[in-house]
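Here is a request from someone meeting this structure for the first time.

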Amino acid sequence: MKLGYYPGCSLKGGSREYKESVVALCKRFDITLVEVPDWNCCGATAAHNLNKELSLSLPARILAQAEKAGFEEILVPCAACYNRLMVTAHEMKTQPALGQRVKEIIGMEVSGKVRILNVIQLIEKYLLDKLELKMHRPFDYRAACYYGCLLVRPSNILQFDRPEDPETMDKVIRKIGGQPVEWEFKVECCGAGMSVSRTDLVAKLSGKVIDNAVYRGAEVIIVACPMCHSNLDMRRPDINKYLEKKTDIPVLYITQAMGLAVGISEKELGLHRHFVPVRLPEKGLLTDMPGEELEHQQKEG
Amino acid sequence: MSSAPHTIHKKGSLMEEIHDAREISVQKCYQCGKCSAGCPLAEDMDYPPSVIMRLLQTEDRQNEAIALRSETIWLCVTCETCATRCPMEIDIPGVMDFCRQRSLEKKMTHPKAKNIIAFHKAFLDSIDYTGRLYELGLIADYKARSFQLGQDVALAPGMIAKGKLSFLPELIRDRKGLAAIFRKTLHRKGGRS
């Protein structure tokens, strides 16, 4: 199966292991991702902070390009891009005059018929029903599923999961053999786009997230957003300084956790690209899972 | 989210402008304080979000100026927690976006917001030139704008070793189209907020 795909800038740069794990996971489930032709940056936080029309026009051009390429549905793994695309589609639909103005700015037509999928929706819609056959070893760890802001808010527009206590990622973790922990910082903000301009504030907000995850007994934090990842991972020295202790809990993308469970190599999933080393104890290797043998049997049968 | 028909704004007040431009009704705020209670950065702000709302509600020029000159509007990270919890469903981050843009236009930005604004501008420069974010270019541009020359230098070797930093930008084909979008929005004189 082929699926339209908007990687966005983070996945091409600082968060390339997210892209690598998304692509590898999809391949394992026989999905080929096809990039939106000649895509541009969504504008992220900077655009909506400085100019509203720009903040809608940049995502609108992406949606227009996707439509032109004939995609009915596109996967947008970056939570920030997903958020901007969803908000733009919503504003253009509910405010026709504004929508018209945006179409004039970009000089392209946008009908709004392209469906936008975040990475968890991709997993739920296309991967979970085939998961049992592909299981290689359970991801048998206590995991703090961290949703952050952009996947779940503004909830009236995104209409994805519960805004205060989301559970879709927790369900995925349970399906691959993990144990999601109950914790308080599931949807708190990591500091997002202030990583460079106010690292002190990012260290504080992300520090509270890390501290609570560790306190609740998590062995690993699971994310679905490149900004959350880089703040919790790359900014760990600043975080540890803020917390006045050395935390070494690794932060994995949901696609990396799932990739490990279905037997994709650590290298292919880009685990070596993290700043906080991923040292998960070996557990549950090919014990009670039907795994590849079952898949093999089914193919032959 | 349209306002009640009996609502009369003071002509030319920011509250009226916000309503006209974004259909957000600041006057609906009844000061419950939920936005300030949930805001992850309230304690770092000079005025918590609910006070910004109150300042705007007074429709008083001096109070409006306090809001536009505040550090609050630049510290807001648009995490949307306030909007999710507001019992009146007021789009508070939308109010912050409006205030940021107006504060910038009127050159009323808080001195401590300098680096935050420098970063946003450097980010958009990068997209304007290449269509996609070029991280190395962004950092160079940010350093030039903010004079934070030494910051994060220690991170670079690690990022390069982990294959996270490209030396060359990715250019999109339709750069003319992208430049036109910037010309019609951000670079337009007298553009709306």
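This is a predicted model: local features need pLDDT of at least 70, side-chain atom pairs count only at pLDDT 80 or more; totals for chains, interfaces and linings use all residues.

Q: How do you know what confidence chain B has?
A: pLDDT is the predictor's confidence in each residue, from 0 to 100. Chain B has a mean pLDDT of 91, and 94% of its residues reach 70 or more. The model scores ipTM 0.91 and pTM 0.93.

Q: What makes up the secondary structure of chain A, and of chain B?
A: Helices (H or I, at least four residues) and strands (E, at least two) are DSSP runs, numbered from the N terminus. Chain A comes to 15 helices and eight strands. Chain B has eleven helices and zero strands.

Q: How do you know whether the radius of gyration of chain A agrees with that of a compact globule?
A: The globule rule is 2.2 Å times the number of residues to the power 0.38, and the radius is taken over C-alpha atoms. For 301 residues the rule gives a value near 19 Å; chain A has 19 Å, so the two agree.

Q: Why is B:Ser36 called buried?
A: Buried means under 20% relative accessible area, exposed over 50%, and partly exposed in between (1.4 Å probe, protein chains only). B:Ser36 has 15%, so the residue is buried. B:Ser36 sits in helix α2 (residues 34–38) of chain B.

Q: What does B:Ser36 touch?
A: Contact means heavy atoms within 4.5 Å. Leaving out residues up to four places away in sequence, B:Ser36 touches B:Ala42, B:Pro48, B:Pro49 and B:Ser50.

Q: What makes the pair B:Ser36 and B:Ser50 a polar contact?
A: A polar contact is a pair of N or O atoms within 3.5 Å; within protein, one must be able to donate a hydrogen and the other to accept it, and residues adjacent in sequence count only if both atoms are side-chain atoms. The side chains of B:Ser36 and B:Ser50 make such a contact at 2.6 Å.

Q: Why is B:Gln31 called partly exposed?
A: B:Gln31 has a relative accessible area of 34%, so the residue is partly exposed. Its phi is near 60°, a positive value in a residue other than glycine. B:Gln31 is in the loop between α1 (14–22) and α2 of chain B.

Q: How much area do chain B and chain A bury between them?
A: Buried area is the accessible area (1.4 Å probe) that two parts lose on being put together, summed over both. Chain B and chain A bury about 5,100 Å², 58% of it on carbon and sulfur atoms. In chain B, B:Lys162, B:Lys164 and B:Ile181 lose the most area to chain A, together 12% of what that side buries.

Methods: Residues are numbered from 1 along each chain as its sequence is written. Chains are lettered from A and ligands numbered from 1 in the order in which they are written. Side-chain values use heavy atoms; hydrogens and water are left out.
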